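Please open the model in the viewer and keep the sequence alongside.

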Protein chains: 2
Amino acid sequence: MIVKLVLAYEGTGFRGWARQARVRTVEGVLEEALARVLRSRPSLSAAGRTDAGVHARGQVVSLEIPGGSDLGRLQRAVNGMLAPELVLLSVSRARDAFDARRSAAPRHYRYRLDLAPVPDPFTARYEWHRPGELSLRAMRRAARDLRGEHDFASFGRPSERGGSTVRRLERLAVTRFGDRLESTARANGFLRQMVRSLVGTLVDVGEGRIDAEAMPEVLAARDRSSAGRLAPAQGLTLERVVYRSKRRTVL
Amino acid sequence: MIVKLVLAYEGTGFRGWARQARVRTVEGVLEEALARVLRSRPSLSAAGRTDAGVHARGQVVSLEIPGGSDLGRLQRAVNGMLAPELVLLSVSRARDAFDARRSAAPRHYRYRLDLAPVPDPFTARYEWHRPGELSLRAMRRAARDLRGEHDFASFGRPSERGGSTVRRLERLAVTRFGDRLESTARANGFLRQMVRSLVGTLVDVGEGRIDAEAMPEVLAARDRSSAGRLAPAQGLTLERVVYRSKRRTVL
């Protein structure tokens with residue numbers, strides 16, 4: 001049967017999602033823990049192939065396991081091995097065709113910045129500490145021109161060679177909470193490093209290094225050097241992936 | 001001149017406040033950083049001698065440094081060496097008689113519990129993950145009998161041999177926020193391990209292991225075995241220490 005895992009992890013200690021030889025990755029560690037419980041190594045499909053240092057609060061993974069497996073026991077056993085660095089928030093049976101990666105479900109990412117003069121020891125692992133003011137007005141002006149369907153080649157690489165760089169960015173917002181600034185992004189799929197490149201460019205706009213009205217030209221260039229800097233990985237979290245209900249899919 | 005430092009630290013990587021040979025402590029690390037900037041090793045006095053694993057958001061430390069020192073430079077230099085694990089939030093000149101430890105200023109501590117079934121990877125370092133419900137009503141009933149001036153020998157040891165175990169507990173509250181429970185405690189001074197012992201006892205009361213009305217007897221016993229368990233260090237944070245203004249002290 002096909003199973004859907006929702007998991008959270010603190011990305012600091014992992015070299016990203018994808019399994020690699022001799023490197024500690026989320027996929028590698030999770031596969032090994034599942035293999036111990038299932039007694040065979042499963043093949044995992046993840047909604048977001050997060051970069052090294054990126055966190056997740058609602059990563060979704062699908063895999064096939066033997067029918068009749070006890071899902072509660074599976075969850076407790078994996079959490080017993082990996083919590084609190086990585087936790088399975090839920091384990092549920094999915095429809096037979098479910099594939100967490102191939103589905104065009106909206107991915108929600110959140111990027112956190114701390115603008116205070118001194119970093120906060122309790123949140124420094126999950127934020128980009130970048131002291132000093134930013135023009136929210138300019139950042140929001142630029143974000144408006146980035147939303148919608150565009151060729152985002154200036155902001156990231158496709159996951160496969162020769163793949164399309166056109167994406168539909170449904171949301172790109174900037175919010176301020178005291179010393180903290182958050183940028184949230186939602187799309188049915190992102191290019192590699194796209195959220196970090198969007199946020200880095202918005203920060204360059206907020207600092208006045210890039211003109212707030214230059215986004216149409218940056219997009220048109222289809223060249224990564226035309227965009228701004230890449231924001232550090234540690235500020236980024238994959239917050240959730242929203243799949244349509246089985247009911248609506250069937251109808 | 002006498003200087004007052006307000007500092008925050010993530011206690012996970014320290015074996016408590018007090019300097020010890022061949023062990024990494026907050027006092028040891030901070031003294032060394034200050035010595036590099038000041039070119040002589042200062043003697044530190046701290047408001048709270050936090051245990052191994054305990055955190056601080058508003059620890060206060062006093063020390064004597066050469067008159068005319070540049071306090072802004074001192075702050076930046078120390079933060080450059082120790083942030084984000086330990087940060088100086090402020091460095092200011094204090095009155096000549098100021099001693100962070102000897103002052104009877106109120107110390108505010110906060111203890112965080114996570115009652116959710118699965119721990120949270122982003123806050124697990126600062127909380128006691130203790131899944132399952134607790135009776136808030138019973139915990140509050142017990143807290144009421146603990147507030148006020150009592151001999152707290154059942155809840156901790158004095159810092160000096162033969163010292164008094166009488167303290168005035170001005171606040172001991174329990175608040176619930178969704179899956180989280182917080183207990184805040186305020187007193188002009190605490191015995192060693194007193195907050196952790198108070199919280200552990202309240203949790204035993206919330207679980208029904210200790211009667212909510214038994215606190216007068218527990219206090220009267222003046223014996224640590226009559227109190228409940230010791231709550232783990234990682235849930236505890238020294239939040240702030242409130243000194244009276246210089247003005248009022250002089251008057």
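Buried means under 20% relative accessible area, exposed over 50%, and partly exposed in between (1.4 Å probe, protein chains only). This is a predicted model, in which local features need pLDDT of at least 70 and side-chain atom pairs count only at pLDDT 80 or more, while totals for chains, interfaces and linings use all residues. Residues are numbered from 1 along each chain as its sequence is written, chains are lettered from A and ligands numbered from 1 in the order in which they are written, and side-chain values use heavy atoms, with hydrogens and water left out.

Select B:E239 and B:R112. Their side chains form a salt bridge at 3.2 Å, N to O (a side-chain nitrogen of Lys or Arg within 4 Å of a carboxyl oxygen of Asp or Glu). This pair links distant parts of the chain, 127 residues apart: B:R112 is in strand β5 and B:E239 in strand β10 (residues 236–241) of chain B. Strands are DSSP runs of E with at least two residues, and helices are runs of H or I with at least four, numbered from the N terminus. B:E239 is buried at 13%, and B:R112 is buried at 16%.

Next, select B:E182 and B:R110, whose side chains meet in a salt bridge of 2.7 Å, N to O. B:E182 belongs to strand β9 (residues 180–187) and B:R110 to strand β5 (residues 107–114) of chain B, 72 residues apart. B:E182 is buried at 15%, whereas B:R110 is partly exposed at 25%.

Finally, select A:R57, A:E182, B:D114 and B:R180, which are among the members of a salt-bridge network.
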